Amino acid sequence: MSQDFRLDNIGKVNRNKKISFTFNKKKYFGYEGDTIASALIANGVHLVGRSFKYHRPRGFFGVGVDEPYAILQLERNNERDPNIRATEQEIFEGLEVKSVNCWPSVNFDIGAINNFLKMFFPAGFYYKTFMWPPSFWYKIYEPFIRMAAGFGEASIKHDKERYEHKYEYCDLLITGSGPSGLASAYAAAKNGARVILAEDKPRYGGSLLTSDVNIGNQTGAEWSEKIITELKSMSNVIVKNRSQVFGYYDHNMLVMSERISDHLPKTQRYLPKQRLWYIRAKEVLISSGSIERPLVFGNNDTPGVMLSSAAKEYMKVYGVLVGKKPLIFTNNDSGYETAIEFKKNGVNPLILDTRKDPSSDIISEAKNLGIEIKFSHVVVAAKGYKKVKSADIAKISDNKKDLSNIENIECDCICVSGFWTPSIHLASQSGNKSEFNEKIDAFIPKKSKQKEHTIGSANGKFTLEETIKEAFDKGYEISNKITENNNKVSIPTVVEKKSTEHDKFWCVPLPKGKSYKRFLDFQNDVAVTDIELALREGFRSIEHVKRYTTLGMATDQGKTSNLNGLQLVSDIENKVVPQVGHTTFRPPYTPVSIGAIVGREVGKHSKPTRKSPMHEWHEKNNAVFVDAGVWLRPRYYKQGNETLFEASKREAKNVRKNVGVCDVTTLGKIDVKGPDAAEFLNRVYTNAWLKLPVGKARYGVMLREDGIVMDDGTTTRISENHYHMTTTTAQAANVLSHLEYYLQLVWPELNVNVVSTTEQWAGAAIAGPNSRALLMKLFPNTDVSNEGLPFMGYKEGDLFGIPAKIYRISFSGELAYEVNVESDFGNFMWEKIIDIGKEFQIQPYGTEALSTLRIEMGHVAGSELDGRTIPHDASLEGLVSKKKDFIGKRSLSRSAFTKPDREKIVGVVPLDKTTSIPEGSYIVKDPNAKLPNPKLGHVSASCWSVEYDNPFSLAIIKDGKNMIGQKLFAMSPLKNKTIPVEIVSSHYVDPEGKRVRA
Amino acid sequence: MLYIFCPHCGSRSQNEFAYGGDATVKRPELNKEISDQEWNNFVYLRKSPRGKHLELWHHISGCRQWIKVERDTSTHEIFKTYKADELTK
Ligand SMILES: [Zn+2]
C-alpha cells in the first residue's frame, strides 16, 4: 500500500518498521516514529474532527503541544483515553483512535447545522440562550450542552494502568532541548552542575531538527545529536524525552509528566504508563521556545490551513507532505524556509508575503531556486469545506487597509506564518510579570520572581547566534554560582540565513460585501466578530472578554490564539497591547492525566493499611474486617452463616457470661517520661494526677483550649518518672502533636519527653467474669487476685517466658484486663490466651461486640466525643477538677457551656422494645410538629443490649439530666422512621460499676 | 509546594510538615484570673495578615519539632526559620 504523501529520502521515522492502526475504524499504516497526525497526513487524511461550537470540519494545524484541532480519543478493550493530541501521540501496532465531538460521523455531522445557525451562536451564547425559562434546564438545555460539548468521553472503568511518582533534586532544570536548552545544559554540565534536561517531544533538538543552520562545522541537527549524546553519557545529567514540565510552583518546585509507555503497544507494558516528577531545582532555565502565530483571514480554520513551521516539520522529521500545491502566507522569513523545503522535495510552492520589498539571504535563495513570490499579497479567504481547494488572494495596500486584484488560486494547503510567540507560560506561572516587546509583537518575561531565567526564543531572542551565546553564558554563570567551578566551554560559531524582521500585520481585512468567518481561537470557535460583539456589549477587561467569548479557554489554553485576540481588542479599543494586558497563565501547560497526578495512591493504596501482629490469626478464624482509621480491625468472627447482628450478639453475650478476648493493639500508646511527667499530665488532663501511685492506672479526659473534649484514655504510672498513656485509635497522632506542642512551645521548662509506642506493643483485652481465672493460668507466678491486682492496678508478668504488662482496666464494663507484650510476641500471646481460655469458654470478639458492650454500659467513644462535646455533655464532669488549672479549663466557664439546659448524654429505649433506632436519628417531643421540627438532640450510637435483649441507644439531648423518664420520639427522616421511645440513664447496665471491681 | 528549612534537619518539602498557626500567640499563664475577652482573644482571634507572618510548623514526618517560620503569606517567601525556643519574649 503506497502512501501518496510520503517522501522517500527524508525524515527520521523508521522505514523498516511498518505499523498499522485504525482511525474511525478504518485501517491505516505508518512507520515507527510517526505520530497519528503524520501517519494520517501521509495517507492523505486531513479531516479528523469537528469544531466545538459550530461543528466545522477540523484538520491539523500544528505539529506538537500547540495543536488546537486534532484532539482524538484513544480506545482499547472498552477503555477510553480522551483528549489525546494527534500531533503528540505516536502510533503503535494496534492503536485505535476515533474522532470526538461529531455525530454520527466526522464526515457527516448533524451538529454542523450549528454552522448554518451561527447567528444564534454569538459570543456569550451560553449565557444568553440557556437562561430562560429555568424549567428548561434539566430536560432541554443541559442534555443539549452535554451532547454538544467536550473533547471525548472519560472511561468509566477503573484505570488499570500504573502511574508512578518521583521526587528529584537538581542544580539546574532546563525545560526544552532546542538550541538554547542544549547549549546551556552542556555549559552547565561541563562545569559540574547536576542538570535535568526535559524535552516534551520524542526527539531532542527543537528547532535544530528542522532549520537550515550550521553550528561550528556541523549542521544544526548534527550538532544537537552530538551534544545530546554527550549529555546522556554524563553522570551528573538526567536527560528525559517525552517529558513535559507543565507546572512551576512555589520555591522552585516544578512538575513534569513523563510519557513512558503511551507510545508502546500494550503487550510491552511492564513499564508504568506515565511518571510524574516533582523536581526541586536550585535554578531553572526556561528554554521552551516559541510557537508560530497564525495569520487571520476568511475561513482560516479550513482543514489544510496550518502553521508553516508545522508543514516544514512534517517534511523534515516525518517525511510527509501536507500538500502538493502549497500556498505559503507569511509576514516574515520563516515561511521561506518552509517554501524552500517544499521546493527541495519536488513541490512548487507559491509565497504570499505581506511585506512590500524585504530582503535577506533566505529570500535570495528562494528567488534563486525559482520559487514564485508575490509581495504585498495576502490570502483573503480559503475555499473548500472539508479541505482547502483554492484560495482567494489579493494585493494589499501599503497601509494594509485595502484589497485589490482579488483572484482565485488553486491550492491544497495554506501554510501560514505570522511570526513567533515566545512560550512564557512557565515563567508566568513562577510569578514573573511579563512585558510587551514591540519589536516582536509579543510578551516576554520581565524580572525573575523565583530562581528562573528564560533564554532563547522563549525570551524573544530569534537569532541563533544570540541564542547560542546567551545560553552558553547562562549555563556557565549559573553552574559557576552553584559549583564554584570554572570550566568554560568555547562557544561555536553560527551560520543562519533568515532575518528576524517581521511585518506588523496579523489580520486580513474583509473585502467589500463579504462576511467570511475569521477565526482567532480555533479550538473554541472564537471569531473576530465574537470579540467585536463582546466589546460592543461593554466588556473591557481582557479577563472578562476571555470568559465571555471563551477566547483562550480551551484545552490548548490559547497557545495559538492569545496574541491575535489581544491585537484585535487593542485595535478596536485604540489602545496598544500592553495597555490591554494579557490573561494569566496557570498550570498545567498541557493537559495532564488524572492518573498521573494520583500516582499509585489509588483504591486501597490511597492510604496506608495497618495490621496488628495478630492479623493473620484473625484472617484464619473468619474475621470480617472493618476500617478503623488506617487500621484493619476484626468487626466480628463469622461462624457458619451468621450475620453481623447474630455474630456480634453471640460475642458480646459470651463476654457478659464467660470471657472474651479482643485485639486492642490499635489503641494509641504514648510513653511520657521525665521528672515533671506528673505535673505535665496534671495540666493535660482535666482530673488530678499528682498523687497517682506507681503501679496504678487512671482514666483521664483531655480538652482542647476551647473546652471541647479532645480524647480520653487510661494512663498508668509504670515507675516514678514513667507513664504509659493510651489514646483512642483515631486520635493517637493528634494527641502526640498536642503534647509536643505544649512541651516545646508553651511549657519548655517542664522536663518531660513523649514518644509514640503504639507499634511497640501488641494488646489483648480479656473481659468477662471468667477473665481472672484465665489470667491466673496465663500468669501462674503473678498474684492477680482482687487484692494483688485491684481495679485500675498494673503489674508486670511473665507469660511463658515473655515479659508482659497487665493492666486491670475495662472498656466493656466487665471484670477485665489488658495484656501487652512486645509486638513480635503478639501472636504468641494471642494463641496462648485462646488456647488456655478454651476451658473458660473464651471467644474472640470484634469491634461490633465491643461497641455493644460499651454502649449499654454508657461508656463514651468517638461518636459522643465528636468534637462538639464538653465533659458535661458526656457525663464526665466528675472528672473535671475544680482545684487545679488545665488545658481548656477557662473555656468551661463560658456562658454557653454553663447554661442549665445544656445537652447531656442519656439512654434511649424504644417503647416496643423491638424497633432499633437508627444512629443519627433526631429526638423530638412531637413527631407531627410543623417543620422544621425543633430537635432536642441526636442519637449518637445504637446497639442491641445483650443484657436486656432489646434495642438500646445513646443520645445527646438538650437538658438531658431532666429528661430521664420522659416519653419522646426518635425520628429518622433518612430511614423514614418515627419511633416512640423512653429516655433512661445512659448507664443501662451495672450503673454502680460493681462488675469491674469484682 | 513550599521548601521549608527545619533548623534541626535542613531544607525539606512542605509535605513533611503540618501547619500550626500564628506563632506570636502566647498562652495565658496557668491559674491566672483573666476576663472572658482575654481568653476569647487567645482561643479564637487571629490576625490574617497579607505579608510577613510568624507562624508555627510541626515537622511531623521528620524530627517532630515545632519550629517558627517567618513567611510572606502572599508570595510564600520564607525569610527565616527558628527553633521553638527562639524568639520567646
Ligand atoms: Zn526537622
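**Notebook: chain B and a cavity**

I began with burial in chain B: 39% of its 89 residues are buried (under 20% relative accessible area, with a 1.4 Å probe and protein chains only). The model is predicted, so I kept in mind that local features need pLDDT of at least 70, side-chain atom pairs count only at pLDDT 80 or more, and totals for chains, interfaces and linings use all residues. Residues are numbered from 1 along each chain as its sequence is written, chains are lettered from A in the order in which they are written, and side-chain values use heavy atoms, without hydrogens and water.

Next I looked up the fold of chain B. I found one helix and six strands (DSSP runs: H or I of at least four residues for helices, E of at least two for strands). From the N terminus, I read the order as β-β-β-α-β-β-β. The C-alpha trace spans about 40 × 30 × 20 Å along its principal axes.

Then I turned to cavities. The structure holds 12 of 30 Å³ or more. A cavity is a set of points on a 1 Å grid over the protein atoms alone, where a 1.4 Å probe fits but cannot get out; its volume is the space filled by probe spheres set on points joined across faces, edges and corners.

Lining residues have an atom within 4 Å of a point. I noted that α14(A) gives the largest share of this lining, four residues.

Key
Buried means under 20% relative accessible area, exposed over 50%, partly exposed in between (1.4 Å probe, protein chains only). On a 1 Å grid over the protein atoms alone, a cavity is a set of points where a 1.4 Å probe fits but cannot get out, and a pocket is an open set with protein on both sides within 12 Å along at least five of seven lines; lining residues have an atom within 4 Å of a point.
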